[in-house]
Number of protein chains: 2
Amino acid sequence: MPDIRKLGEQGVIDLFKSHLDNKRIVKAIGDDCAAIEISDNTLLLWTTDMLIEGVHFERHFGTPFQLGCKSLSVNLSDIAAMGGEPLACLINLSIPADLSQQWLSEFRDGFIQTSQKYDCPVIGGDSCGSRKTISISVTVLGEAPEGRILQRDGAKDGDDIWLSAIPGVSALGLGILTNQSDMTSEEARSAIEKHLNPQPCLALGRTLASKKLATACIDTSDGLVIDLGHICEASRLGAVLVERDVPLPSIPADRSDDPLHLALHGGEDYSLLFTAPATNRKELRKLGGLYLIGRIDDSVEGLILKRHGGKKESLFPQGFSHF
Amino acid sequence: MPDIRKLGEQGVIDLFKSHLDNKRIVKAIGDDCAAIEISDNTLLLWTTDMLIEGVHFERHFGTPFQLGCKSLSVNLSDIAAMGGEPLACLINLSIPADLSQQWLSEFRDGFIQTSQKYDCPVIGGDSCGSRKTISISVTVLGEAPEGRILQRDGAKDGDDIWLSAIPGVSALGLGILTNQSDMTSEEARSAIEKHLNPQPCLALGRTLASKKLATACIDTSDGLVIDLGHICEASRLGAVLVERDVPLPSIPADRSDDPLHLALHGGEDYSLLFTAPATNRKELRKLGGLYLIGRIDDSVEGLILKRHGGKKESLFPQGFSHF
């Protein structure tokens, strides 16, 4: 039998899908969070994410404090993508015995500062040794009013596609860290900051959900094309991205990255990507900082990029693959 | 600054304790599960545990199916220790890309079978690659009626100490697997089974909680002395174990393990250790399979073992240390 490279990341978790007969489980595998009905008008949102050394991070790239912040922020980003409010979190740490208390203490400070900033207290966890590498696994509970959550599957034909930040900046930061390029320019510093210290869009998620401004939403962790693909697949529709309207990362002078490639395929931005009817444009523009980058289109198959000049190209997933 | 060996497993998680001002958080760090009030009469129980290759398991010790079962069972055991019912779970898997689909598929079968057996559906998770080793991190939500949960801190002076299984059997099984001793004897086979496929005591936990039969409870994951120490510390009382009454594991003829040492210090039994007033003895005996092994005693400091013949010895933690 083949190895798991054939399955891919989603395929591995999809293996665990099984029959559900609990009507209180509103969302299971297949969205940013699972959702459980806990009272007539409240849903519990539940998400978990790992950060594994050598896979998601290298210890020397950033400070332990930044890693502590990011470990919680990437989970909070999933709560944001569903329009929820954080309730509490648990942390699992597998760490080598020769790790310094200094490291752990700084990591803790970052984690706790983030938990306080977003009102998501640490209420439990587990710790154990490891052979060599640090593994961090965090799980967050959040809440949202029933009927006011954002999901991936609600996009409608003709909806606008919006993005809450310039895509590809985090991937640019990772490239600079990996290649040890010049880190002194303004562009380099802000890209590295974006990579090491992403901010969950909780306020935006709550606004979109509570005012019912968006029809579908996801956080951009795998890259614009992959994540928009998730919305399109769940909503069974195609989409057209307009090159002219996709904001591009500023590339430092010493680097030769293709900004469009980064924008389309770079991961770990943790911004919100959402769809909304054109009638909401005015209200969405008032929120500020949002980019209208394309349109949901029932008549196209998959994802299309409309280039400068009008030529149309199909887009295919090129993000990071774990297997 | 020193490395984390100075802190120990509990010390690492204790670092993350911080001020809580959410009154709905009924239990935070320091019990088997965290507990959150979700309605006037229901508490949400929440727990997480890791299984790391090379730390908690070796791939060749058991089957992937058994590992799948155990990954969920050890988490369900924490729900049992609080007297709750499972609601749902999430699974995080960090696995090397060259792992076979066959392995993953068997692991999944064990996990799903356990989730169905205990009515705890898998509703989400995360997967990613790893350099070499398999890391499994599971989180379970459960529920219990408010005022009917079991906690570590409720033991009273004079309470009986009960245990739901012969202690040290899992550690004996681990010893047999590690030393590749003879595995054909009945004692060896049942010890190995106990180690590779522990069963969460959910029915017992619910009975103890719903009938208010126990004053304090914990599941035995670190070893009898350490886990009883947790109850004593949380309840601010000492305890006397009676050697005559502590049931001992049956040691296979080819091995020279000290059965008392295994019983006192062997971990991973996942039985329930609980305290109850002597007035509940009759009802507890009716449940069957329970061992009355000692007594909570305000007049002693820490834990004492009353040996055959009456001599008293202090007991100190000797379980497995992660750091």
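Just after helix 6 of chain B, Lys212(B) takes a positive phi of about 50°. This is a predicted model, in which local features need pLDDT of at least 70, side-chain atom pairs count only at pLDDT 80 or more, and totals for chains, interfaces and linings use all residues. Residues are numbered from 1 along each chain as its sequence is written, chains are lettered from A and ligands numbered from 1 in the order in which they are written, and side-chain values use heavy atoms, with hydrogens and water left out. Helices (H or I, at least four residues) and strands (E, at least two) are DSSP runs, numbered from the N terminus.

**Helix 6**
- In helix 6 (residues 202-210) of chain B, the buried residues are Leu202(B), Leu204(B), Gly205(B), Leu208(B) and Ala209(B); buried means under 20% relative accessible area (1.4 Å probe, protein chains only).
- Seen down the axis of helix 6 of chain B, these residues fall within an arc of 165°, so they line one face of the helix; the arc is that of the directions from the helix axis to the C-beta atoms.
- They pack against helix 2 (64-81), strand 4 (85-95), strand 10 (272-276) and helix 9 (281-287) of chain B, where contact means heavy atoms within 4.5 Å.

**The sheet**
- An open sheet of seven strands in chain B has the order 8-10-7-11-9-12-13, with mixed pairing; two strands pair if DSSP finds at least two bridges between them.
- Strand 8 (216-219) and strand 13 (312-315) of chain B are the edge strands, each pairing on one side only.
- Strand 12 (residues 303-306) and strand 13 of chain B pair in the antiparallel sense over four bridges.
- Lys306(B) stands opposite Lys312(B) in strand 13 of chain B.

Definitions and conventions
Buried means under 20% relative accessible area, exposed over 50%, partly exposed in between (1.4 Å probe, protein chains only).
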